[in-house]
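Look over the sequence and model first, then read the points below.

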Amino acid sequence: MAQITLDTISNLAKKRGFVFQSSEIYGGLRSAYDYGPLGVELLRNVKAEWWRSMVQERPDIVGLDSAILQARQVWRASGHEQAFTDPLVECGSCGARHRQDRLDDPDRCPRCGKAGELTEPRLFNLMFRTHMGPVESDDQLVYLRPETAQGIFINFENVRRTSRMKLPFGVAQIGKSFRNEITPGQFVFRTREFEQMEMEYFVRPSEAGEWFAYWLEERMRWYIDLGMSADNLRLRDHDEDELSHYSAATADVDYRFPWGWDELEGIANRTDFDLKQHAEHSGEDLTYFDGDERFFPHVIEPAAGATRTTFAFLIDAYAEETVNDEPRTVLRLHHRLAPYKVAVLPLSKKAELIEPAGRIAADLRRRWMTDLDTTQSIGRRYRRQDEIGTPFAVTFDFESLNDGAVTVRDRDTMAQDRIPAEGLAAYLDERLS
Ligand code: GAP
């Protein structure tokens with residue numbers, strides 16, 4: 001099979017309507033992307049699967065949707081105002097800006113290749129700033145949140161009290177985050193606006209190590225259960241000097257991207273850093289009382305990127321193969337992630353086929369995302385559905401008018417079953433649920 005490159009995936013994403021450059025008609029805004037009709041479905045499905053496994057199926061975790069705009073004190077207490085920085089260097093020759101810690105040669109500009117032209121590193125804060133209200137003064141300054149996690153910590157007591165949660169318990173959140181990255185890139189891998197899926201799991205201090213190990217295993221399993229190849233996944237412990245200011249231990253779930261291993265998700269033991277900081281800065285009591293003693297819970301945090309994970313699922317599902325001497329591109333997405341679950345394909349454009357096929361599609365649509373595809377030859381329509389990952393294609397032909405049966409083609413095996421149209425929903429239900 002041909003090597004999958006970043007271009008292969010980004011071209012497919014653009015061609016089929018998964019992802020578009022933001023503000024494309026104005027020349028494009030770098031490092032922000034719009035999710036098209038198929039991309040938004042894939043992204044929603046990834047988020048729904050995360051929510052299902054983190055919230056719906058767990059008695060010990062509840063959800064939250066906190067505001068993007070938060071009091072400036074939140075980011076002072078969390079340490080982001082002081083420490084959420086990257087070392088920025090600028091090339092005196094071509095003007096390019098780089099993250100110093102990502103340079104292969106710390107003395108050479110990777111854009112123009114000149115040595116000895118890079119400035120001393122300057123710490124650059126990654127938070128986007130804006131102002132609340134009409135006056136652009138310093139005391140109106142607010143940040144767009146750079147992570148969803150802090151919205152959880154500042155609601156710790158609200159959630160514990162209203163949901164009557166007892167340790168260990170978690171609070172999960174999905175939402176947009178913003179970072180003014182110095183070097184965004186690799187398509188949607190590192191962007192300045194992105195979505196995160198984060199869960200803060202509050203535990204007794206003595207149990208933090210155990211829960212850290214538990215969440216490493218759980219999170220790896222989630223990717224594999226949704227069809228990601230185990231060979232393309234690994235856990236990597238952070239070295240001491242890599243740890244964030246709040247972390248006692250962190251491991252990344254890495255994925256083998258076309259450019260090499262890179263982070264999908266970080267799982268951190270944040271200790272009691274955040275709750276203590278917010279208690280101190282706000283004056284509120286954020287301790288937990290278990291009947292015997294009062295203490296600050298420790299926190300284990302699995303923090304994944306929704307947009308980055310969606311991208312990884314897309315890459316992992318991509319395959320090129322040869323079938324009957326013809327090239328075929330197929331997205332072997334897990335059924336639960338596929339944008340469309342089923343496509344209905346009337347064999348010809350004649351009204352006598354289009355109308356009943358339309359009725360079948362309307363019926364299926366009540367249960368699943370269903371595409372009614374009436375253009376081009378049947379072979380090309382199969383190829384198109386393969387390329388966007390639709391698990392089942394249902395063909396309605398002239399014979400269907402007589403025998404009331406349809407042909408269902410399986411994306412992966414390409415095997416075809418002839419079944420009564422009235423049994424179609426049950427047939428798909430058995431295979432899709
Ligand atoms: N609350 C901890 C935290 O935010 P992080 O490792 O900085 O940890 C968690 O971010 C995840 O968010 C990353 O593993 C990645 O998947 C995603 N992420 C972070 N920065 C991103 C960016 N600029 N573009 C896309 N995804 C990003």
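Helices (H or I, at least four residues) and strands (E, at least two) are DSSP runs, numbered from the N terminus. His80 lies in helix α4, residues 80–83. This is a predicted model: local features need pLDDT of at least 70, side-chain atom pairs count only at pLDDT 80 or more, and totals for chains, interfaces and linings use all residues. Residues are numbered from 1 along each chain as its sequence is written, and side-chain values use heavy atoms, without hydrogens and water.

**His80**
- His80 has 2% relative accessibility, so it counts as buried (under 20% relative accessible area, 1.4 Å probe, protein chains only).
- Its side chain makes a polar contact with the side chain of Ser78 at 2.7 Å (a pair of N or O atoms within 3.5 Å; within protein, one must be able to donate a hydrogen and the other to accept it, and residues adjacent in sequence count only if both atoms are side-chain atoms).
- Beyond neighbours within four places in sequence, His80 is in contact (heavy atoms within 4.5 Å) with Trp75, Asn125, Met127, Pro146, Glu147 and Gln150.

**Ligand shell**
- The ligand is surrounded by 21 residues, each with a heavy atom within 4 Å of it.
- Glu147, Glu181, Thr191, Glu198 and Glu263 are the closest.
- Strand β13 gives the largest share of the shell, five residues.

**Ligand polar atoms**
- An N or O atom in the Glu181 side chain is 2.8 Å from a ligand nitrogen atom.
- A polar backbone atom of Thr191 is 2.8 Å from a nitrogen atom of the ligand.

How values were computed
Buried means under 20% relative accessible area, exposed over 50%, partly exposed in between (1.4 Å probe, protein chains only).
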